[in-house]
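Hi there,

Here is the structure I promised to pass on, with the sequence alongside. Have a look first, and my notes follow below.

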Amino acid sequence: PGEYTLTYFPVRGRGEAIRMLLADQGQAWTEDVVNGEIWQKGDLKKLCVFGQLPRFQDGNFILHQSNAILRHLARNHGLYGQDAKEAALLDMVNDGVEDLRVKYGRLIYQNYESDYNLLDLLLIHLVLAPNCLASLPLLAGYVQRLSARPLLKDFLESDARKKRLINGNGKQ
Ligand code: 0HH
C-alpha cells in the first residue's frame with residue numbers, strides 16, 4: 001500500500017474500527033483531523049463522494065464509506081478470508097454490525113439518543129453500561145481477548161485515544 005491518511009472528525013465514530021485495524025496490524029497512518037469550523041466552510045464536503053467523512057487515502061487512491069474502507073484494508077492486509085465464500089461470510093457479519101451501528105447512531109445522535117467494528121461498538125456499550133456484558137461470557141471474553149492483543153492494547157491505552165471524544169455531543 002501507499003501512505004495511509006484517515007480524514008475524519010475528532011471522534012472515534014466511524015473512524016475507530018479503521019484505526020484499530022491499522023494499529024493492530026502494526027501499520028502506520030496519518031490522522032487528518034477535521035473540526036467543525038473547517039467542515040462548516042463546505043469546501044471539503046464538496047470533495048467527498050457522499051458529502052461525508054470518513055475519507056481515506058491509500059497513496060493517490062481515495063475512498064469514502066467506512067465499510068468500503070474497512071474492506072479495502074482487509075484485502076490489503078490479508079484479513080478478508082481464504083476464498084470468496086469466507087469473504088462473503090465476513091461481509092455478512094460486518095453488515096450485521098453495520099445494522100447495529102446505525103441503531104446505536106440513532107440512539108446517540110437523534111434519540112437520546114468484522115472484529116474491530118464489533119469491538120468498537122462493544123467498548124462503547126461498556127462505557128454506557130459497564131455491566132452490560134456480565135451475563136454474556138462469550139462476548140465479554142471476546143472483548144477481553146481482543147483488547148489484550150499487544151499492538152491493539154497499546155493503541156487502546158494511548159493518550160491520543162483517551163483524549164478522543166467518543167461521539168462529540170457529550171452524550172455518553
Ligand atoms: N455511510 C457513511 C460511512 O459509513 C456514513 C458517514 C457519516 O455518517 O462512511 N459521516 C458523518 C460523520 S459520522 C458526516 O460526515 C458521525 C459522527 C459525527 C461526529 C461529529 C462530531 C464533531 C465534534 C467536533 N457528517 C457530516 C455531514 O453529513 O455533513
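**What turned up**

The side chain of Asp83 reaches over to the backbone nitrogen of Glu86, at 2.8 Å. Please keep in mind that this is a predicted model. Asp83 itself sits in the loop that links α4 (66-76) to α5 (84-111). If you are tracing the chain onward, Val97 is 14 residues from Asp83 in sequence, and their C-alpha atoms are 21 Å apart in space.

The space that the ligand takes up is the largest pocket. Around the ligand there are 15 residues, of which Trp39, Lys45, Leu53, Gln65 and Ser66 come nearest. Sorted by class, this shell holds eight nonpolar, five polar and two charged residues.

- Lys45 places a polar side-chain atom 2.7 Å from an oxygen atom of the ligand.
- Gln52 has a polar side-chain atom 2.9 Å from an oxygen atom of the ligand.
- Gln65 has a polar side-chain atom 2.6 Å from a nitrogen atom of the ligand.

As for how much of the ligand is covered, it exposes 740 Å² when taken alone, and the protein buries 71% of that.

Notes: Residues are numbered from 1 along each chain as its sequence is written. This is a predicted model: local features need pLDDT of at least 70, side-chain atom pairs count only at pLDDT 80 or more; totals for chains, interfaces and linings use all residues. Side-chain values use heavy atoms; hydrogens and water are left out. Helices (H or I, at least four residues) and strands (E, at least two) are DSSP runs, numbered from the N terminus. A polar contact is a pair of N or O atoms within 3.5 Å; within protein, one must be able to donate a hydrogen and the other to accept it, and residues adjacent in sequence count only if both atoms are side-chain atoms. A residue is near a molecule or strand if one of its heavy atoms lies within 4 Å of it. Accessible areas come from the Shrake-Rupley method with a 1.4 Å probe; for residues, only the protein chains shown count as cover. On a 1 Å grid over the protein atoms alone, a cavity is a set of points where a 1.4 Å probe fits but cannot get out, and a pocket is an open set with protein on both sides within 12 Å along at least five of seven lines; lining residues have an atom within 4 Å of a point. A molecule sits in a cavity or pocket if more than half of its atoms lie within 2 Å of its grid points. Ala, Val, Leu, Ile, Met, Phe, Trp, Tyr, Cys and Pro count as nonpolar, Asp, Glu, Lys and Arg as charged, and the others, Gly among them, as polar.
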